[in-house]
Amino acid sequence: MQTVSEHDVIVVGAGPGGATTATALAQRGHDVLLIDRHTFPRDKVCGDAISQGCIQIMNDLGMAGKVKAAVARGEFHRLDGMRLVGPSGHVLHSEFQHGAGGVESYVSPRVYFDALIQQQAVESGAGFLQAEVKEPLLEDGRVAGVVARANGEWQAYRSRVVVGADGVTSTIMRHLRPEGGQHSDKHRAVALRAYIEGMEIYPHEVEFFLYDEILPGYAWIFPAGDHVANIGLGMRLDKFRGLKRNLKKMLQDFLAMPDLRARLPNSHALRDVAVWQLNFGSQKHLRHAYDGALLVGDAAGLINPLTGGGIHNALISGCLAAETIDEALRVNNTTREGLAIYEQRCDEAMGPEMRKSFLYQRVLLNYPRVVDFLIRYMGRHGGVAQSFLSKL
Ligand SMILES: Cc1cc2nc3c(=O)[nH]c(=O)nc-3n(C[C@H](O)[C@H](O)[C@H](O)COP(=O)(O)OP(=O)(O)OC[C@H]3O[C@@H](n4cnc5c(N)ncnc54)[C@H](O)[C@@H]3O)c2cc1C
């Protein structure tokens, strides 16, 4: 097979995880090729909630001006608080505290958000290629690049390290992790997302609805602008399979609840309705480092098992991958041994929160009465609320 080009690093997937990795590596002076099957802007099924932690990392990558301009264009919609509605209808209301330097949280449709980081990667010096990656290029048991189709032809692209940042259906992950070492249904979720216009919304507050049928999981209404909301629901895959229900029907049932129905305009249409999967970071003993390759973001499976939030962890893992690869390239050791510290760094940065969130998810969200008790009596000091706040 013909080799088209050679690079220090090839990053597969230009979503938040891959684009962050590519930006951080290009800013350190490495030759990076960022590959995605789509050109940008493009949509990604998501609740679009962007936590303060994401904005902090974007600022660190030199994106403060881009974020400010996106806010001014209305592509980032500011959040001031959240409402958590329990199974009996009790509401826990919390206001967000701004982060250091006035950093805020937002709802930003991924069509805008992802394009911003992808653009930052390119401006930082990463090359961008629109191509479908079929598989990692394996030589003597190590990853030596990727096989990708650009302009209708399958060709080899070589690199010293490949980063699999190609999302939950990652082809890089599926080729490197043996099937028995992948996520089980208990650590996965399925969710539906849509946009709705004209519904009565709390203009700057995200709403989470926890009710009997949806647990462990939730429905959400996130304001994406003055008159538009991102709306959806998701639940743990093993429980969802047991229910034998259809997510679209479940969303219609949610909107038919009396409190929700009263907020809908006379005629309403949902747009961009789509279903996607989530892999939680709560599954133990998953490998993220291989000879010549690392997995980042959803490809590694780093979504918070309580909130379903994964963008912040995609950005964190992207930064940690870049740091690790930079060191490995300098000492010319891109074997698993040279890259394995990445797993330790990920565990230190995200492991404790992941374990705590999984415990909350299992113990609390399985028992609607406990959720009610917490919402009614523990108020804003409840651990569930704090976890939702910090790990949106
Ligand atoms: C319904 C739903 C709601 C969610 N809500 C939130 C939320 O509100 N807040 C939050 O923080 N997280 C949320 N998440 C999780 C969040 O969407 C993910 O964690 C996040 O997108 C992970 O980013 P990533 O860069 O790892 O992967 P992705 O964003 O999935 O990006 C992967 C990229 O790889 C590309 N790609 C895939 N395969 C190939 C291939 N073979 N060749 C070339 N390119 C390829 C894709 O085109 C894509 O651009 C939600 C998820 C779902 C499903």
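Start by selecting Pro41, which you'll find in the loop between strand 2 and strand 3. Strands here are DSSP runs (E, at least two residues), helices are DSSP runs too (H or I, at least four residues), and both are numbered from the N terminus. A cis peptide bond joins Phe40 and Pro41, with omega at about 5 degrees. Most peptide bonds are trans.

Before you go on, know that this is a predicted model: local features need pLDDT of at least 70, side-chain atom pairs count only at pLDDT 80 or more, and totals for chains, interfaces and linings use all residues. Residues are numbered from 1 along each chain as its sequence is written, and side-chain values use heavy atoms, with hydrogens and water left out.

Now select residues 32-36, which make up strand 2. Five of its five residues are buried, so strand 2 is largely enclosed by the rest of the structure. Buried means under 20% relative accessible area, exposed means over 50%, and partly exposed is in between (1.4 Å probe, protein chains only).

Two strands pair if DSSP finds at least two bridges between them. To see where they face each other, pick Val9, which stands opposite Val32.

Next, click on Gly13, in the loop between strand 1 and helix 1 (16-27). Is Gly13 buried or exposed? At 7% relative accessibility, Gly13 counts as buried. Leaving aside neighbours within four places in sequence, Gly13 is in contact (heavy atoms within 4.5 Å) with Gly18, Ala19, Leu34, Ile35, Asp36, Ala165 and Asp166.

Move to strands 3, 7 and 4. They form an open sheet in the order 3-7-4, with antiparallel pairing. Strand 3 (49-50) and strand 4 stand at the edges with a single partner strand each, so one side of each has no neighbour in the sheet. Strand 3 and strand 7 pair over two bridges, and Ala49 is opposite Val107 in strand 7.

**Rings that meet**

Show the aromatic side chains next. How many aromatic pairs does a search of the whole structure find? It finds nine. Rings of Phe, Tyr and Trp (its six-membered ring) pair if their centres lie within 6.5 Å; planes under 30 degrees apart count as stacked, over 60 as edge-to-face and the rest as tilted.

Zoom in on Phe76 and Tyr106, an edge-to-face pair at 5.4 Å centre to centre, with 65 degrees between the planes. This pair links distant parts of the chain: Phe76 is in the loop between helix 3 (64-72) and strand 4 (77-79), while Tyr106 is in strand 7 (residues 105-107), 30 residues apart. Phe76 is buried at a relative accessible area of 3%, and Tyr106 is buried at 6%.

For a contrast, go to Tyr211 and Phe254: the ring centres are 5.9 Å apart and the planes are at 5 degrees, so this pair is stacked. Tyr211 is in the loop between strand 13 (205-209) and strand 14 (217-223), and Phe254 is in helix 7 (residues 247-255), 43 residues apart. Phe254 is buried, at 0% relative accessibility.

While you're here, find Pro216 in the loop between strand 13 and strand 14. Another cis peptide bond joins Leu215 and Pro216, with omega about -5 degrees.

**The nonpolar cores**

Now for the inside. Which residues touch the most other members of the largest nonpolar core? Of its 71 residues, the answer is Met58, Phe76, Val146 and Ile325. A nonpolar core is a set of buried Ala, Val, Leu, Ile, Met, Phe, Trp, Tyr and Cys residues joined through side-chain atoms within 4.5 Å. Helix 9 (residues 311-330) gives the most to this core, with nine residues. A second, separate core has 25 residues, including Phe240, Phe254, Leu255 and Leu260.

**Last stop**

Finish at Asn151, in the loop between strand 10 (142-150) and strand 11 (153-164). Asn151 has a positive phi of about 55 degrees although it is not a glycine, and at 83% relative accessibility it counts as exposed. Then pick Asn332, in the loop between helix 9 and helix 10 (336-339). Asn332 has a positive phi too, near 55 degrees, and is exposed at 59% relative accessibility.
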